Each structure stands twice: as structure tokens, then as C-alpha cells.
Amino acid sequence: MKKTVKSDEKEMQRMIYTVTLNPAVDYTVYMDELKRGEINRSRSENVFFGGKGINVSKVLEALGVNSVALGFSAGFTGLAIEDDLSKKGIAADFVRLKNGFTRINVKLREGVETDINTAGPQIDENETAELFEKLDRLNQNDLLILSGSVPKCMPSDTYEKILERLLPKGVRAVVDAEGGLLEKALKYRPFLIKPNAEELGELFGVKIEDAKEAAVYAKRMRREGAENVLVSMGKEGAVLVDRNGQKHFSAAFSGKTVNTVGAGDSMVAGFIAGYEKTGDFDYALRLGTAAGSATAFSEGLAEGEHILKLFESREI
């Protein structure tokens, strides 16, 4: 990753914050076959601590970029997530909920991926207000990454309220969410949005088949407010339409897909790490694609060494 950072870009660099409203402990079970209605035996199990924003913080840390993880945690599982972040050297400033416990998701791996994502704890108005107070500490040019869904117990316009509150302060926002959450964020002119091809197509009622089509609809998202639009396309790679309307493409890296959980979060982290260090869109896109691919080729989130090895295997 040998890239020179301009002095004015260094001055612009501030703190990165990730928000995970509904973190999780992912209990992954590997088995030969799932037989419904019978007792099944696993080959092995693994536990991963995360949630979309937390995943971004972890991959940023793996790439040598600091961030602060914000959100909610509850019960013994919430403490386990906070302890895991602490061990990895990641700063966390969660609101501790009075009731319930941070959700446990079950991921079954038996040839196909079957996920059971649970609801999570209840969050009351006072706890939401406490999170907003933490967000009020962000400053101009800080980067706020909003990832994933809003819990059903919270108002559906929570992301909008956060953006409306912070963007006038000059906080740059990254939004990685589905459907209406993403669409409603556009009027706040986020610095970056990252739909995948399927999500982007659903917003316009079409099926996106290739990078050329992805770029067409990414440009429409820019016209509706997003500054930069990054579209992940799995094995087809990724497309970026930047703030100047320029199209950038990165082919996918070769390897065996093991697990897709966290691949999109890793792409966001890789892109942000690359852009914050260099201000170069091509560099950022390729690092993002390498990070997403490296995670897809791993059982959990990719290590920094794996990401950089992939990244350096292709010339820029």
C-alpha cells in the first residue's frame, strides 16, 4: 500500500465512527446435512462477534485505521462483544441497555448458507437519547458509518434523524442499508452509499446484470443526492461512480468463497481505509474489493495480511 497522502488530505482526516444499532453474536454451525424434525450433529462450530458497523471497525483496524464503535449492547452477549473489541484494540462507546441481551444469530453452513437472525433487545427513548448525545460529540469532517437495519423497537426514521442532526455540522456520512433506509438518506447528501447490485435494482424495479447497468443506476443515485456510489456485485466485482460523475471498475479477485457474511462490510472498510489514506478513488475501490473478497474467502472477517496480499497481487 505505497501511496503518498497529500498534506491537505492529512489535514482533512478526522475520526471515524461506526454505528451498529443491533449488534450480534453469530453462532456458526458447520454440518454435512440439515434434516428437519430430527436431531442433527454438527462437524464444528465457531463464534463471531459483530454486526455490520462493528465488522467495519474490525476490518478498518486490520488495515491500520482507527475508529470508534458506537451502538447498543445488553446482557452477557453485549459484554462479550465489548470485550472482543477491547482485545482487538478497538475503542467502543456503547449505550448499555437495562434489559435483555444482545442478539445471538444462528448461521448454518451445510453446502448452502442458512441464517437465522433474531430480533434483539428492546431499546427505550432514554437509551436512544443517550446514543444521540454521544453522536453530538462528532466534529466537522469526522466520518460516520451507518450500517445495517434499524431494530423494530426503534423509529424507522432513526437514520434520517441522525443525518439531519449531524450533517449540518460537516460530518461526512456513509450509509450501507437496504431499501427505504437508503433511499430516505439521499436527501442528506451522504458522502458514500454502498448498495449491492440486487438492492440497487430493487430501488428502480429492474434487474441489474452487469457493471455497465450498475453504473447507469449508480449515476441516478448520485443525481438524487449521494456524493459517491459504490455498488458491490459479488463475483462480477464492484463499480464506483464518484463525486465527479466518473465511473471506476474493479474486477473481483479469484478464490474459493467460504462465507459471505461481512463481505460487504469489509468492502466498505477497505474503501474508506484506502480513500482516507490516499484520496484516490481507484486505489480505494481496489482495496475495498480486495477486503470484500478476502472476507468471502475466510470463515470470519479477513485479516489485514490476507487483504493486502490480494490487493498487491494486482497492479493499480
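**Helix α3 lies across strands β2, β3 and β6.** Contact here stands for heavy atoms within 4.5 Å, and helix α3 runs at about 80° to β3. Angles from 0 to 180 degrees are taken between N-to-C directions of axes fitted to C-alpha atoms, for helices over the stretch in contact. Helices (H or I, at least four residues) and strands (E, at least two) are DSSP runs numbered from the N terminus. The model is predicted, with pLDDT of at least 70 required for local features and 80 or more for side-chain atom pairs, while totals for chains, interfaces and linings use all residues. Residues are numbered from 1 along each chain as its sequence is written, and side-chain values use heavy atoms, leaving out hydrogens and water.

**The sheet of four strands is open and has the order β3-β2-β6-β7.** Its pairing is mixed, where two strands count as paired if DSSP finds at least two bridges between them. Strands β3 (44-50) and β7 (113-116) stand at the edges with a single partner strand each, so one side of each has no neighbour in the sheet. From one strand to the next, the twist averages 20°. Strand β2 (residues 24-30) and strand β6 (residues 103-109) run parallel and are joined by seven bridges, and Ala24 has Arg103 in β6 as its bridge partner.

**Nine strands make up another open sheet, in the order β5-β4-β1-β8-β9-β10-β11-β12-β13.** The pairing in this sheet is mixed, and its edge strands, β5 (91-96) and β13 (247-250), each pair on one side only. Helix α3 (residues 75-87) lies across β4 (68-73) and β5, and runs at about 165° to β5. Helix α4 (residues 125-135) also packs on the sheet, where it touches β1 (16-20), β4, β5 and β8 (143-147), and its direction makes about 150° with that of β5.

**Strand β8 pairs in the parallel sense with β1 and with strand β9.** Four bridges link β8 to β1, with Tyr17 standing opposite Leu144, whereas five bridges link β8 to β9 (residues 172-176), where Ser147 has Asp176 as its bridge partner. In a regular strand the side chains alternate between the two faces of the sheet. In β8, Leu143, Ile145 and Ser147 on one side are buried, as are Leu144 and Leu146 on the other; buried means under 20% relative accessible area, with a 1.4 Å probe and protein chains only.

**The largest nonpolar core holds 49 residues, and Leu135 and Leu144 have the most contacts inside it.** Such a core is a set of buried Ala, Val, Leu, Ile, Met, Phe, Trp, Tyr and Cys residues joined through side-chain atoms within 4.5 Å. Helix α8 (residues 211-223) gives the most to this core, contributing six residues. A second core, separate and made of 37 residues, includes Val65, Phe271, Ala291 and Phe297. Apart from neighbours within four places in sequence, the contacts of Leu144 include Tyr17, Val19, Leu135, Ile162 and Val174.

**Strand β12 forms hairpins with β11 and with β13.** In the antiparallel sense, β11 and β12 pair over four bridges, and Val231 stands opposite Val239. Five residues lie between these two strands, and Gly234 in the turn has a positive phi of about 60°. The pairing of β12 with β13 is also antiparallel over four bridges, with Lys247 in β13 as the bridge partner of Val241, and Gly245 in that hairpin takes a positive phi near 80°. Both faces of β12 (residues 238-241) are covered, with Ala238 and Leu240 buried on one side and Val239 and Val241 on the other.

**Helix α2 (residues 52-62) is largely enclosed by the rest of the structure, because eight of its 11 residues are buried.** Among the buried residues of α2 are Gly53, Ile54, Asn55, Lys58 and Leu60. Gly64, which follows α2, has a positive phi near 80°.

**One cavity of 30 Å³ or more is found in a search of the whole structure.** A cavity is a set of points, on a 1 Å grid over the protein atoms alone, where a 1.4 Å probe fits but cannot get out, and lining residues have an atom within 4 Å of a point. Points are joined across faces, edges and corners, and a volume is the space filled by probe spheres set on them. The largest cavity contains about 50 Å³ of space, and its lining includes Leu21, Asn22, Pro23, Phe72, Thr102, Arg103 and Ile123.

Notes:
Buried < 20%, exposed > 50% of the residue type's maximum accessible area, 1.4 Å probe, protein only. 1 Å grid on protein atoms, 1.4 Å probe; cavity = no way out; pocket = protein on both sides within 12 Å on 5 of 7 lines; lining within 4 Å.
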